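I opened the model and kept notes as I went. My entries follow the order in which I looked things up.

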Amino acid sequence: MQQLLRCSKSTLQRLRNNGDIPCTKVGRRYFYSKSFFTQEFINSIIKEEDPSKRFDY
């Protein structure tokens, strides 16, 4: 996840703690929702002002 977001370990921890990134902890491992990151990636590429190019209908 650090490589995908290009952030440090402490930044990833802060994002989890603030609730900015939804995740589930099982044992010592964190699992992240693939659908959340897919939609966030699409939203970062596509202009928010152009609703014709939105994929989250």
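I searched the whole structure for disulfides and found zero. My criterion was a pair of cysteine sulfur atoms within 2.5 Å. A disulfide is a covalent bond between the sulfur atoms of two cysteines.

This is a predicted model, where local features need pLDDT of at least 70, side-chain atom pairs count only at pLDDT 80 or more, and totals for chains, interfaces and linings use all residues. Residues are numbered from 1 along each chain as its sequence is written, and side-chain values use heavy atoms, with hydrogens and water left out.

Buried means under 20% relative accessible area, exposed over 50%, and partly exposed in between (1.4 Å probe, protein chains only). C7 has 17% relative accessibility, so C7 counts as buried. C23 comes to 30%, so C23 is partly exposed.

I then followed C23 into its strand pairing. C23 has Y32 in β2 as its bridge partner. Strand β1 covers residues 23-26 and strand β2 residues 29-32; the two run antiparallel, joined by four bridges. Pairing requires at least two DSSP bridges between strands. K25 stands opposite Y30 in β2. The two strands form a hairpin with two residues between them. In the turn, G27 has a positive phi of about 65°.

I listed the secondary structure: three helices and two strands. Helices (H or I, at least four residues) and strands (E, at least two) are DSSP runs, numbered from the N terminus. Along the sequence I read α-α-β-β-α.

Which residues form a nonpolar patch on the surface? I found M1, L4 and L5, with about 250 Å² of accessible area together. Nonpolar side chains (Val, Leu, Ile, Met, Phe, Trp, Tyr) are joined within 5 Å, like charges within 9 Å. Areas come from the Shrake-Rupley method with a 1.4 Å probe; for residues, only the protein chains shown count as cover. L4 lies in helix α1, residues 2-5. L4 has 59% relative accessible area, so L4 is exposed.

Last, I noted that 16% of the 57 residues of the chain count as buried.

Conventions:
Patch = residues over 30% accessible without salt bridge, like charges linked within 9 Å, V, L, I, M, F, W, Y side chains within 5 Å. Salt bridge = Lys/Arg side-chain N within 4 Å of Asp/Glu carboxyl O.
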